[in-house]
Amino acid sequence: MEMRITSRKNSYLQQVKKLLSSRKEREQAGLFVADGTKLLAEAVRWWTGLETVFLADGVQADVPEHVEVIRVSPEIMEYVSPMETPQGALFVCRMPEQTAYTAAPGLLLDGIQDPGNLGTIIRSAEGAGATGLIMSADTVDIYNPKTIRS
């Protein structure tokens with residue numbers, strides 16, 4: 001089912017803006033936001049927690065039927081997207097349930113502050129065979145939009 005949002009003042013858009021800008025909001029809601037058409041294709045393929053997809057007019061995406069699709073104008077997409085030049089796809093996902101720590105090859109990250117660096121470390125760790133991450137409380141949010149994009 002597809003619906004359309006035409007106003008920047010729409011409460012759902014306001015919630016998305018809060019999720020994009022606040023770690024506290026993401027943690028309380030158990031949701032995070034990501035953007036980009038390539039990342040959306042990967043989320044559709046691999047992420048079971050995909051909930052809502054915002055698509056700018058003219059942008060097409062194969063989205064499962066159970067996922068809500070919301071159409072917006074390019075101007076609304078520019079308003080809500082954290083990117084300077086949005087690709088026309090923004091999506092909301094449920095965070096995975098946290099599991100208890102079990103000893104496994106992994107990394108301990110302490111005080112990483114740059115979200116892009118954290119994303120790079122995660123990709124590199126996975127490539128090297130790490131199966132887990134432990135992050136100190138002062139490490140940047142793993143669900144920061146820039147970390148997700150990285």
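Phe32 is buried, at a relative accessible area of 6%; buried means under 20%, exposed over 50%, and partly exposed in between (1.4 Å probe, protein chains only). Keep in mind that this is a predicted model, where local features need pLDDT of at least 70, side-chain atom pairs count only at pLDDT 80 or more, and totals for chains, interfaces and linings use all residues. Residues are numbered from 1 along each chain as its sequence is written, and side-chain values use heavy atoms, with hydrogens and water left out.

**Exercise 1.** Work out which elements of the chain have the lowest and the highest mean pLDDT.

*Solution.* Start with the scale: pLDDT is the predictor's confidence in each residue, from 0 to 100. The chain averages 91, and 95% of the residues score at least 70. Then go element by element, with helices (H or I, at least four residues) and strands (E, at least two) taken as DSSP runs numbered from the N terminus.

**Exercise 2.** Classify the ring pair of Phe32 and Trp47.

*Solution.* Rings of Phe, Tyr and Trp (its six-membered ring) pair if their centres lie within 6.5 Å; planes under 30 degrees apart are stacked, over 60 edge-to-face, and the rest tilted. The structure holds 3 such aromatic pairs. For Phe32 and Trp47, the centres are 5.8 Å apart and the planes sit at 80°, so the pair is edge-to-face. Now place the partners: Phe32 is in strand β2 (residues 31-35) and Trp47 in the loop between α3 (37-46) and β3 (50-56), 15 residues apart. Trp47 is partly exposed, at 32%. Finally, ring pairs tie Phe32 and Trp47 into a cluster with Tyr143.

**Exercise 3.** Find the strands that β3 pairs with, and their directions.

*Solution.* Two strands pair if DSSP finds at least two bridges between them. On one count, β3 has 5 bridges to strand β5 (residues 89-94), running antiparallel; here Phe54 has Leu90 as its bridge partner. On the other, β3 and β4 pair in the parallel sense, again over 5 bridges, and Leu55 stands opposite Arg71. As for cover, 6 of the 7 residues in β3 are buried.

**Exercise 4.** Is Glu51 buried or partly exposed, and which side chain does the Glu51 side chain meet in a polar contact?

*Solution.* Glu51 lies in strand β3 and counts as partly exposed at 29% relative accessibility. Contact means heavy atoms within 4.5 Å; leaving aside neighbours within four places in sequence, Glu51 touches Leu31, Val67, Glu68, Val92, Cys93 and Arg94. A polar contact is a pair of N or O atoms within 3.5 Å; within protein, one must be able to donate a hydrogen and the other to accept it, and residues adjacent in sequence count only if both atoms are side-chain atoms. The side chains of Glu51 and Arg94 make one at 2.8 Å.

**Exercise 5.** Describe the surroundings of Leu109 and Thr147.

*Solution.* Take Leu109 in strand β6, which is buried at 7%. Beyond four places in sequence, its contacts include Leu118, Ile121 and Leu133. Next comes Thr147 in helix α6 (residues 145-149), buried at 4%. Its contacts beyond four places include Pro115, Leu118 and Val140. A polar atom of the Thr147 side chain lies 3.4 Å from the backbone oxygen of Asp141.
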